[in-house]
Amino acid sequence: MQSAVAELDATPLDRARDILRRTFGHAEFRGLQAPVIAEVLAGRSAMAVLPTGGGKSLCYQIPSMMRPGLGLVVSPLIALMTDQVAAMQQSGVAAARLDSNIDPAEKGEIWRRIEAGELDLLYVSPEGLMAPWMLERLAQVPLALIAIDEAHCVSQWGHDFRPDYRLLGRLADIFPKVPRLAVTATADARTRDDIRAELRLTDSAEFVASFARPELILSAERKRGAGHKRVVELVTARPGRSGVVYAGSRDNTEKLAQALRDEGVPALAYHAGLERQLRIDRLEQFLQADAAVMVATIAFGMGVDKPDVRFVIHADPPASIEAYWQEIGRAGRDGDPAEGITLYGSADMAWALRRTAERDVDEAVKQVQVRKVRQLYTLLDGTGCRAAAVRRYFGEEGVEACGQCDLCTGAVETTDATQQAQKALSAAVRLGGRYGRGRLVDHLLGKTKDVSDHEAALSTWGIGPEFSQAAWRDLTDQLLFEGLLREDPNDGRPLVGVGDAEAVRAVFRGERRVLVQTRAEAPAKEARKGRKSRESRESRESLALSPADQPLFEALRAWRSGEAKSQHVPPYVIFHDRTLAEIATVKPTGRAALERINGVGEGKLARYGEAVLQVVGEFEG
Ligand code: ADP
Ligand code: ZN
């Protein structure tokens, strides 16, 4: 009786909070979750841009459970759906997915549940949803809402355009009364406008959270020479942790994974060219492991919700700042400190620009994409706080330096090398774009092998004895990044020529200065070390685990691992490390105390309460 009265007085948001606590075991809404949920509960459409780990899924899961009818979730990837549905079912929510992998008998059962009104959530792919027979059948059932996950896929200005997503605009006409919620983690202002236009959300509220990810420690370095040595060095310096290494080609993922395994790292390769079952097995292996390194192309990632990824290393740079933030963002989803390390080179930039130029798209789109490539390299090769640069790129104002990236911790010095730049540019002019970078440097040093009489007679031959070979290489890199020199790929034997004519003239006239960066190696290493110890301290603090509680924590993890194996789900779907750490600290002796732990909702209490209490009891007793 009492609870019925309370129910009557409660606002929709109070009831949503109640579900957050009872079903999901979280104490409070985070960031913009509450206003977004309130908007959808009021029956209005909206767009929400929340950072990775910001809790986007609850924004549509809770309203789907509260509003009458079925909540439809459009998601681009089967892996993403599988994981979310498994997590929902663990929490006792009636959720299912319909995709091409579901066998007919199961499909029939899912439709029966949809039509009987037994399902709260149904995950579908865009092309699956837009199939005429599907729309017809769905028109017969009441819908609570339609959520469009990874909504940036709708925009060609974004970084992950999927033509299937374009069809989703029609949902506005087909289901005019159903609120639609578009959610994404990364979209700059232009992409956001485009998403809203495409999905017909121009009159709807837009919620944009800060793009800050304070748990991420960013760094980037220019590639030195070829090969995998640096990547192996970076990974082996981080033993016993899970990480993702992104490589630019399928072949490279295999080779890098092998190089890492040779050093004893449990590394797996992953790319779209692998046989399907192998991909599934490796993904599962990675998700199940407490420490594993996935070496992958960008085919791997969307929907990989492993919360304890401690580093993402780009062995080859990402395609844009959006892609950077999305890919790096897969580290540290549990909120504990994690690292994003990017290796990049001028050849990568030249390749990206060339690929963009060759794409079969409108000139306007091409121009935007060229700018995106340039913006990425300005960020990677820049001198200001990296995290702040990303946030400004996404349109945030009043952003402060993060204080923890490699540039904030200050290992970069700049020196004026305008005079040397003039020499290098003159040499490039004289050589007429016929040679590669190595030959240009040799020319400046007067060390060209078998030099022709013609070349030796040029006024620029041997003009630069003041710089070492390495210093000239750095400077030409710099000139390439600034667009003062340009690299013509020439089938893998790139030729260096002069870049933007106006800018080059400005350098010759001395109106434009060229500053070269020297990243002091030793201090950088020191900073890394300092950071590492601080990091492990922080992660211990945030898990709040005293050494005395460690054995119980490990016992709980062992129990979870057995449970996960027998159910064929990733361990974190059962309980997060954080939840287990809290249990190990609090040592609840009864169900009521256990339910107060963050991450323990009613469903999980019913399912695992006894088992967990037993593990705790064995330690206490
Ligand atoms: P994303 O926005 O990246 O899709 P998810 O929806 O997967 O994020 O949520 C990320 C993690 O944060 C999940 O493990 C989820 O359980 C947790 N989470 C979401 N909302 C809350 C909350 N209000 N309080 C505590 N944890 C939350
Ligand atoms: Zn910074």
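In which helix does arginine 557 lie? Arginine 557 belongs to helix H25, residues 550-567. Helices (H or I, at least four residues) and strands (E, at least two) are DSSP runs, numbered from the N terminus.

This is a predicted model, in which local features need pLDDT of at least 70, side-chain atom pairs count only at pLDDT 80 or more, and totals for chains, interfaces and linings use all residues. Residues are numbered from 1 along each chain as its sequence is written, chains are lettered from A and ligands numbered from 1 in the order in which they are written, and side-chain values use heavy atoms, with hydrogens and water left out.

Back to arginine 557. Arginine 557 counts as buried because its relative accessibility is 15%. Buried means under 20% relative accessible area, exposed over 50%, and partly exposed in between (1.4 Å probe, protein chains only). Neighbours within four places in sequence aside, arginine 557 is in contact with Asp290, Asp577 and Leu580. Contact means heavy atoms within 4.5 Å.

Now the domains. The chain is divided into domain 1 (10-208), domain 2 (216-408), domain 3 (414-519) and domain 4 (536-620). These bounds come from an automatic or database domain assignment. The centres of domain 1 and domain 2, taken over C-alpha atoms, are separated by 28 Å. Domain 1 gives 22 residues to the contact, and domain 2 gives 21 residues.

Next, the ligand. Which residues come nearest to ligand 1? Of the 15 residues around ligand 1, they are Glu28, Gly53, Lys56, Ser57 and His576. A residue is near a molecule or strand if one of its heavy atoms lies within 4 Å of it. By class, this shell has three nonpolar, eight polar and four charged residues. Ala, Val, Leu, Ile, Met, Phe, Trp, Tyr, Cys and Pro count as nonpolar, Asp, Glu, Lys and Arg as charged, and the others, Gly among them, as polar. Helix H4 (residues 56-66) gives the most to the shell, with three residues.

An N or O atom in the side chain of serine 57 is 2.3 Å from a ligand oxygen. For a backbone N or O atom of glycine 55, the distance is 3.1 Å. For an N or O atom in the side chain of arginine 30, it is 3.2 Å. Taken alone, ligand 1 exposes 570 Å², and the protein buries 81% of that. Accessible areas come from the Shrake-Rupley method with a 1.4 Å probe; for residues, only the protein chains shown count as cover.

Turn to helix H20 (residues 437-445). Its buried residues are Arg437, Leu440, Val441, His443, Leu444 and Leu445. They pack against several elements, including helix H16 (346-358), helix H22 (469-481) and strand E15 (485-488). Just after H20, glycine 446 takes a positive phi of about 70°.

Is threonine 23 buried or exposed? Threonine 23 counts as buried, because its relative accessibility is 15%. Threonine 23 sits in the loop between helix H2 (12-22) and helix H3 (33-41). Threonine 23 and valine 600 are 577 residues apart along the chain, yet their C-alpha atoms are separated by 8.1 Å. Leaving aside neighbours within four places in sequence, the contacts of threonine 23 include Met65, Gly601 and Glu602.

Notes: A polar contact is a pair of N or O atoms within 3.5 Å; within protein, one must be able to donate a hydrogen and the other to accept it, and residues adjacent in sequence count only if both atoms are side-chain atoms.
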